[in-house]
Amino acid sequence: MPICQNCGREWTWKQTIKTLFKLKCPHCGERQYETAASRWKNGMFTMIWLVIFTPIVSFLDVSMPGAVIVGSILILIQLGIHPFNLKLSNEFEPYW
């Protein structure tokens with residue numbers, strides 16, 4: 001689980017999901033940023049889902065509604081796992 005770099009308190013899974021898009025610490029209220037390494041890791045994890053999902057859907061000739069349902073399930077799984085891989089920083093870190 002992520003730990004606020006300002007106050008040092010660990011966020012719960014529920015707190016992380018609630019603040020996923022603004023990343024404001026629920027304890028001290030300070031803005032936090034996802035580290036470049038964490039963004040890279042979560043981005044690669046998402047790409048792996050896409051690389052696996054696309055050929056399987058094509059190969060198995062899954063209908064469009066079926067593909068949307070499976071894709072939605074994979075997105076929910078990714079959102080559920082994201083808080084466990086999230087690392088925080090006080091400053092925005094560029095990828096390079």
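1. A surface patch here is built from residues with over 30% relative accessible area and no salt bridge; like charges are joined within 9 Å, and nonpolar side chains (Val, Leu, Ile, Met, Phe, Trp, Tyr) within 5 Å. A salt bridge is a side-chain nitrogen of Lys or Arg within 4 Å of a carboxyl oxygen of Asp or Glu. Accessible areas come from the Shrake-Rupley method with a 1.4 Å probe, and for residues only the protein chains shown count as cover.

2. The model is predicted: local features need pLDDT of at least 70, side-chain atom pairs count only at pLDDT 80 or more, and totals for chains, interfaces and linings use all residues. Residues are numbered from 1 along each chain as its sequence is written, and side-chain values use heavy atoms, leaving out hydrogens and water.

3. Ile-48, Ile-52, Ile-56, Phe-59, Leu-60 and Val-62 make a nonpolar surface patch of about 600 Å². Leu-60 sits in the loop between α2 (36-59) and α3 (64-85). Helices (H or I, at least four residues) and strands (E, at least two) are DSSP runs, numbered from the N terminus. Leu-60 has a relative accessible area of 53%, so it is exposed (over 50%; buried is under 20%, partly exposed in between; 1.4 Å probe, protein chains only).

4. Next, the helix itself. α2 has 24 residues and spans 35 Å from first C-alpha to last, close to the expected 34 Å. That expectation is 1.5 Å times one less than the number of residues. Ala-36, Ser-38, Arg-39, Asn-42, Phe-53 and Val-57 of α2 are buried. Their cover includes β1 (33-34) and α3, where contact means heavy atoms within 4.5 Å. After α2 comes Asp-61, with a positive phi near 55°.

5. The whole structure holds two aromatic pairs. Rings of Phe, Tyr and Trp (its six-membered ring) pair if their centres lie within 6.5 Å; planes under 30 degrees apart are stacked, over 60 edge-to-face, the rest tilted. Tyr-33 and Phe-92 have ring centres 6.5 Å apart and planes at 80°, so this pair is edge-to-face. It links distant parts of the chain, 59 residues apart: Tyr-33 in strand β1, Phe-92 in the segment after β2 (88-89). Tyr-33 is partly exposed at 25%, whereas Phe-92 is exposed at 56%.

6. The other pair is Phe-45 and Trp-49: centres 5.8 Å apart, planes at 80°, so edge-to-face. Both lie in α2, four residues apart, about one turn of the helix. Phe-45 is partly exposed at 27%. Trp-49 is partly exposed at 24%.
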